[in-house]
Each structure stands twice: as structure tokens, then as C-alpha cells.
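Please read these notes with the model open.

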Amino acid sequence: MKGNFEFRTRKSNRSLWVIECIDPNCSWRLRASKIVPESTKFVIRKYVGVRCCSLLNRNANHRQATYVVIGEQVAPQYVGVEKGPGPKGVQTFARTKLGAQISYYKAWRGRKHAHTLIRGSPEQSFHILPSYFHMLEKLNPGTVTRIKVDGESRFKYLFLAFGVAIRGFRYMRKVVGIDGTFLKGQYRGVLLVATAQDGNGQCYPLAWGIVDSENEDAWTWFLTQLKEVIGDTDELALISDRAPSIKKAISIVFEKAHHGACAWHVAQNIKNKFKCADIMGSYWSAVNAYICEDFAGYMTEISHRYPRVAEYLENEVGFEKWSRCHYPGLRYNIMMTNMVESLNSMLVNARDFPYVALLDVIQEKMSKWWNDRRIVAMAITVPRTPSRESEFRPRFAQSNGRHTLQLNPITYHVKGGELEGVVDIFNKTCTCKEFDIDKLPCVHAIAAAHHAQVSVYSLVSPYYTKEYYVLAYGETIYPVGSQSQWDVPNEVSLSNNTGD
């Protein structure tokens, strides 16, 4: 192919293959036949390698440069990477490495064929999915997998939660962001994800799902599986956008958990619906207000300028869904689902993969995160996680010079600065509400702790400590390895792993 030589097939059947140069005056030819009749392998019986064809018969638009050949040649460039060369990159590869000029469409088909060779076809993916899940559960104890099929045993939904993440959730604040992102493969679908946030402010994926679309049935099924692994308590907060299907599914599945809206999505709705980007400063101040009196002041500003926006936030969305001070549960400082968005963007290059290949990418990334973060956690030299330590230091400096008056054995009145505070160091509360909501000592609590000669570290929620950070990543997520090495019982099939 590099020499732009083309050949024609003179004879081809199940046991014989004979090819020759397209120039009838050239003696180049090859003859191959089966080793034995029942074999699938051919052996070259005769080969004449001398070429004497005219240069006029050489063609860079090589007839043998099919998309299958191109795909086979370029396939190694997709091993171990998520993206690899695009169609234009395949055209360049064919020209520089194979000496063939190919069209963009042929390059696209060659790339698609290479993907199939490396990652399997969608049909193969559906076929091996039960075996793949069996191996994940076998190598990662406590892992929960589910496959739901329709009445004709065709794939409908899947659910995956690694055992290490389920066990690690006990060391997370009980705030879970949920969202979905469209897949781009042959059968499309939507990837659903539920993630917590660790004590260092990083996403902590809990569960993954693939469904047909973001509809009420799909979300209800996914959340039902999620409830089995994380439970349902008053302490649990579920944060999402305001899609009706999610809202309805949460109300069906979770009886005790509180549902909150992503403040960023609410902001986008305001800008798109009311065209009032100039009010967003007041909106975000209202979102992050700890005290309801401050919140009311910001809402008054919004109401005076855009009464319809204020009405929308109060009556259509509801203050309790997006406002920190009005939220009925505990969502700490997690007001947005950006932790979920970061996971979706992380998988942008794998969204057209067959499902098993996509799950492989997820497993590989989670394995790396757990290892990398374990190393970081073990190296921490202070009692708190790095991000909380950096957040804590300015508060520590601001607490200096505050006047502190002890009211009783556990209560202190702290003056100075823009806002006074009454701190209960036993119940870990302060009238400024930062201590209550964030579960990190505010400047008043730090000043009170100094006055009481109490360690400030004792007032920090355990969720922010090095101990919990280490425990959260203390285990390992293992890959399933090559399919040839799988040990799967014969009875494993779509029908025996169908979470209803």
C-alpha cells in the first residue's frame, strides 16, 4: 500500500485466495490456501514478489485502503486513551504511514472500526454486561450492580455503586448531588450520577446509572437503587436541577431526605426567563446568607427592581429549595451541583463509547482518584483537610482581638467586627449561624474556644478531619482485567440481575 501498488482478487473461496497485480503485464501474484480443510488459518503457498507494472497503474487512492484496513492499522492509537485521533487525524495517518489518500468519510468509518476493535461493539457490550458486573462484584466486595430489562429481555437500565464508595459514604457529609448527561453512542441513552463531596471539597462518586432518557420512570428506578446503598434519613440532602422528573422521583422514593435545588441552575433560569443579569449579585448574596434577616434584605432589593423575579423565587421555586438559611435540612456550604458537572465534563471523550467501555473508564478514573487522594491524605500534617485548613486560617486571624465574655460554662458572647455572636461551644452553635450550618468554627467560635482554653480542632466536624479523609480513601477499586481471564458462572445472564 505504501508503494501505491494495487491488486485484484483472481479467485477467492473458503479454502483458496489468489490475488495478482492490476497490471496484466506485471508478474506479481500471491496464492494462499488453508493449512488443513477444517482450519481457519491460511498459509502462503506461492508468492512472486517482483513488480514490473507501469507507474501509471500506481494510485494513492488505493482500492485496498478500505475503512476496515485503515481501522486495523490505526487501532493501536486508541489503546489506553479516551480520545485518540479524529477523522482528520486518521486521514493524516493514512497518508503518512500507509501512503493512501482517503476521504473524510472513509476516515470516519475507519476510526469507528478502530473503536470497535479496541472497545467492542455496542452489541458485544450488551452481551457481556452481566459477566462484567459479576467480575466487578467479585473483585470489589460490597459492589452493587443492577440491570433492568424489558418484557422481551432487552436492556433498559443499569446501576453501579462500588463497594468502597458505599462504605466510604459514612465519612462524607450527607449531601448528594444528582444529575444526568446525554450519551453519544449508537444507542444514545443518558448517564446518571450521584456524588457526595469529601472533606477536602472533591467529588466522591457514589453511584452511576445508564437509562434511556431523563424521565420519571428512569429516575425513580435509579433513585430506588441509590436508596438501597445510602439509605433515607432526615440528615440526607439531595441536590439537583429543577427537572420535574427528578423532583417527582425524589418525592416517590425518599420519604425523609430533603430535596434542594442547585442555586446555579436557578440563576440560569432567572437570566433566561427574566433577562435580568444585573440582579444576580443580590441573588447570590441571598443564596449564601446565613441569617434570615440578611436574606430578607437581599430579597427586598430584588423585589424592588424585579418583582416578578422575587415572586418566582418565593412561590415557584420556594425559598427552602435554594436559600442556605431557609433550607430545612443540612446542606453545609454545598449550594450547587458543580461536583456533578465536573464528573460529566471528565467523561466528555468517553460518552460515545459502548457501555462496558464507558464503565471501564469510570472504574479507571475512580481507581486513580482513590489512590492519589489516599497518598495526599496520608501526607497531611494537620488535623484538617488542606482545603478546610486554608479556609480556616483567615477566620483564625479575624478572631484575634475580639472581646469575649463568658455567660455560663458553655456559652460566650463575642464582640468586635461587623457582627457579634453568642457561641455555645458544647452544642457547637453560634447566632451568626455559620458554625451551625458549615460545621466549621466561625470567628466567634474560635474566639470563644481561645477564651475557654478549648482546642479549636475539637469544634470541627469530623467530616473535615484528616482521619475521615484517610478512611474515605482507605480501600482500593480493582479493574476486571482481560475478558479472557474472567471466571463467570454459566448461570450469569440478563435475567438474574434485574433490580425491579
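The numbered points below take these topics in turn.

1. Basis. This is a predicted model, with local features needing pLDDT of at least 70, side-chain atom pairs counting only at pLDDT 80 or more, and totals for chains, interfaces and linings using all residues. Residues are numbered from 1 along each chain as its sequence is written, and side-chain values use heavy atoms, with hydrogens and water left out.

2. Helix crossing. The axes of H15 (residues 386-399) and H17 (residues 443-452) come within 8 Å and cross at roughly 60°. Axes are lines fitted to C-alpha atoms, for helices over the stretch in contact, with angles from 0 to 180 degrees between N-to-C directions. H15 and H17 are therefore oblique to each other (under 35 degrees is roughly parallel, over 145 roughly antiparallel, 65 to 115 roughly perpendicular, the rest oblique). Their crossing is right-handed.

3. Contact residues. H15 contributes Phe392, Arg395, Phe396, Gln398 and Ser399; H17 contributes Val443, Ile446, Ala447 and His450. Contact means heavy atoms within 4.5 Å. Five of these residues are nonpolar, three polar and one charged.

4. Cover of H17. Seven of the ten residues of H17 are buried (under 20% relative accessible area, 1.4 Å probe, protein chains only). They are Val443, His444, Ala445, Ile446, Ala447, Ala448 and Ala449. Their cover includes H15, strands S12 (403-408) and S13 (411-415), and helix H16 (434-438). Gln453 follows H17, with a positive phi near 55°.

5. Thr145. This residue sits in strand S5 (residues 144-149). Thr145 counts as buried because its relative accessibility is 0%. Its side chain joins that of Glu137 through a polar contact of 2.5 Å (a pair of N or O atoms within 3.5 Å, one able to donate a hydrogen and the other to accept it).

Terms used. Helices (H or I, at least four residues) and strands (E, at least two) are DSSP runs, numbered from the N terminus. A crossing is left-handed if the near helix is turned anticlockwise from the far one by less than a right angle, and right-handed if clockwise. Ala, Val, Leu, Ile, Met, Phe, Trp, Tyr, Cys and Pro count as nonpolar, Asp, Glu, Lys and Arg as charged, and the others, Gly among them, as polar. Buried means under 20% relative accessible area, exposed over 50%, partly exposed in between (1.4 Å probe, protein chains only).
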